[in-house]
Amino acid sequence: ARLLGFSHYYKGRTYYLSNETGKVFEEIGEALGYLEQFGQWELVAAAYNLMAIVSVGKGNLSFAIEYYLAGLKYCKKYELIEVESRIESNLGSLYMECGQYSDARDYLEQAHLDYKRVPEEERSLASLTAIYNNLALCYMKSGSLEKAEEYIANWRQSAKRILRRWITFM
């Protein structure tokens, strides 16, 4: 039964990646019970994040917020810092798109703080770059140009690090 949770979760992710969003909810819904039963809290939080992302894509923003908040609840309870940072970043982006810049800044700044708490070997430069990008946009849209410039500079440094890694990989 333990493997059924993993199986349904990754099947749901696969459907998400192949843009079969209707099947995502079927599989993730099946996965959640098993994942909770066996204490796979990181996957539970990631599952709620995935359902929120799909909900945003379908225009169901209120459901998306509920899913994000459910995921955050598990992150905080079980100290899942990396997933928490991702969910906060996604929530910040959603609030920014809705023009709620104060809420957006709060979530994005918290995502940045949590990102810094993730062990270095587990960090994603792409996630950091997205956080900097969204913080710069958020501050720019709310008229705080000096703060936006600060995050643009941070974004440039992060992007350069990604490029160096990519060139080294080639």
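**View 1. Asn 19 in the loop between H1 and H2.** In this predicted model, Asn 19 sits in the loop that joins H1 to H2. Its phi is near 65°, a positive value in a residue other than glycine. Most residues other than glycine have a negative phi. Asn 19 is also exposed, at a relative accessible area of 62%.

**View 2. Glu 79 in the loop between H4 and H5.** Here's another positive phi in a residue other than glycine: Glu 79 has a value near 55°. You'll find Glu 79 in the loop between H4 and helix H5 (81–97). With a relative accessible area of 65%, Glu 79 is exposed.

**View 3. H1 packed against H3.** Helix H1 (residues 2–17) and H3 pack at an angle of about 25°, and their axes are 11 Å apart. Angles under 35 degrees count as roughly parallel, so that's the label H1 and H3 get. The crossing of H1 past H3 is left-handed. On the H1 side, the contact is made by Phe 6, Tyr 9, Tyr 10, Gly 12, Arg 13 and Tyr 16. H3 brings Leu 43, Ala 46, Ala 47, Leu 50, Ile 53 and Val 54 to the contact. Sorted by class, the contact of H1 with H3 has 10 nonpolar, 1 polar and 1 charged residues.

**View 4. A cluster of aromatic rings.** Phe 25, Trp 41, Tyr 48, Tyr 67, Tyr 74 and Tyr 78 are linked into a cluster by ring pairs. The structure as a whole holds 10 aromatic pairs. One of them is Phe 25 with Tyr 67, a tilted pair at 6.1 Å centre to centre and 40° between the planes. Phe 25 belongs to helix H2 (residues 21–37) and Tyr 67 to helix H4 (residues 61–78), so this pair ties together parts that lie 42 residues apart in sequence. Phe 25 itself is partly exposed, at 24% relative accessibility.

**View 5. Trp 41 stacked with Tyr 74.** This aromatic pair is stacked, with 5.7 Å centre to centre and 15° between the planes. Trp 41 comes from helix H3 (residues 41–57) and Tyr 74 from helix H4, so the pair ties together parts 33 residues apart in sequence. Trp 41 counts as partly exposed, with a relative accessible area of 21%, while Tyr 74 is buried at 12%.

**View 6. H6 packed against H7.** The axes of H6 and helix H7 (residues 125–141) come within 10 Å and cross at roughly 155°. Over 145 degrees counts as roughly antiparallel, so H6 and H7 go down as roughly antiparallel to each other. The crossing of H6 and H7 is left-handed. From H6, the contact residues are Tyr 101, Ala 104, Arg 105, Leu 108, Glu 109, Ala 111, His 112 and Tyr 115. They meet H7 residues including Leu 125, Leu 128, Ile 131, Tyr 132, Leu 135, Cys 138 and Tyr 139. By class, this contact has 12 nonpolar, 3 polar and 3 charged residues.

**View 7. Asp 114, buried in H6.** Asp 114 is part of helix H6 (residues 101–117). It is buried, with a relative accessible area of 1%. Leaving aside residues up to four places away in sequence, Asp 114 touches Ile 81, Glu 84, Ser 85 and Glu 88.

Conventions:
Residues are numbered from 1 along each chain as its sequence is written. This is a predicted model: local features need pLDDT of at least 70, side-chain atom pairs count only at pLDDT 80 or more; totals for chains, interfaces and linings use all residues. Side-chain values use heavy atoms; hydrogens and water are left out. Helices (H or I, at least four residues) and strands (E, at least two) are DSSP runs, numbered from the N terminus. Buried means under 20% relative accessible area, exposed over 50%, partly exposed in between (1.4 Å probe, protein chains only). Contact means heavy atoms within 4.5 Å. Rings of Phe, Tyr and Trp (its six-membered ring) pair if their centres lie within 6.5 Å; planes under 30 degrees apart count as stacked, over 60 as edge-to-face and the rest as tilted. Axes are lines fitted to C-alpha atoms, for helices over the stretch in contact, and angles run from 0 to 180 degrees between N-to-C directions. Angles under 35 degrees count as roughly parallel, over 145 as roughly antiparallel, 65 to 115 as roughly perpendicular and the rest as oblique. A crossing is left-handed if the near helix is turned anticlockwise from the far one by less than a right angle, and right-handed if clockwise. Ala, Val, Leu, Ile, Met, Phe, Trp, Tyr, Cys and Pro count as nonpolar, Asp, Glu, Lys and Arg as charged, and the others, Gly among them, as polar.
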